[in-house]
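Let's take a friendly look at the salt bridges in this protein model. Have the sequence and the 3D view ready as you read.

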Amino acid sequence: QKRKMARTLAFSLLGFVVVCAVHGIFMDRLSSKKLCADDDCVYTISLARAQEDYNAPDCRFINVRKGQQIYVYSKLVKENEAGEFWAGSVYGDDQDEMGIVGYFPSNLVKEQRVYQEATKEVPTTDIDFFCE
């Protein structure tokens, strides 16, 4: 019985690793909380313009070029020594990047228009830092 249970557990873990390898990976959390305009963090907070280029260090982040506009959906709550990051998607000509939501440093952008104030504090989850 113990051997069968161990084998089942081993196959379950192997299956989890295979699923992660095919579909993505959970990365370290950048923060435990985020500020949003609503409880589900689906409404756009603001439209911001990049003041300089930014090259994403990993798949949690988005590449940004100076002058690009970004729709902001959430703002991570700064914790410990971590920098402050916002989540958003690039808006503009580059069709490859459009619609991809990722993080970028908040000091990289200047907000152009605020649609709704980010007053709802929501806990982050593993999905917030999932990479495909």
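## A first pair

Which side chain meets Arg 60 in a salt bridge? In this predicted model, the partner is Asp 58, with N and O at 2.6 Å.

How covered are these two residues? Arg 60 has a relative accessible area of 13%, so Arg 60 counts as buried, because buried means under 20%. Asp 58, with 23%, is partly exposed.

Now find Glu 111 and Lys 75, which form another salt bridge, their closest N and O atoms being 3.2 Å apart.

Lys 75 is buried, with a relative accessible area of 15%, whereas Glu 111 is partly exposed at 29%.

## A link across the chain

Next, look for Lys 34 and Asp 128, whose side chains meet in a salt bridge at 2.7 Å, N to O. This pair links distant parts of the chain, 94 residues apart. Lys 34 is in strand β2 (residues 33-36), while Asp 128 is in the loop between β8 (120-123) and β9 (130-131).

Is Lys 34 buried or exposed? Lys 34 is buried, because its relative accessibility is 9% and the cut-off for buried is under 20%.

## The whole structure

How many salt bridges does a search of the whole structure find? The search finds 5, among them the pair of Lys 34 and Asp 128.

Notes. Residues numbered from 1 in each chain as written. Predicted model: local features only at pLDDT ≥ 70, side-chain atom pairs only at ≥ 80, totals over all residues. Heavy atoms only, no water. Salt bridge = Lys/Arg side-chain N within 4 Å of Asp/Glu carboxyl O. Helix = DSSP H or I, 4+ residues; strand = E, 2+ residues; numbered from the N terminus. Buried < 20%, exposed > 50% of the residue type's maximum accessible area, 1.4 Å probe, protein only.
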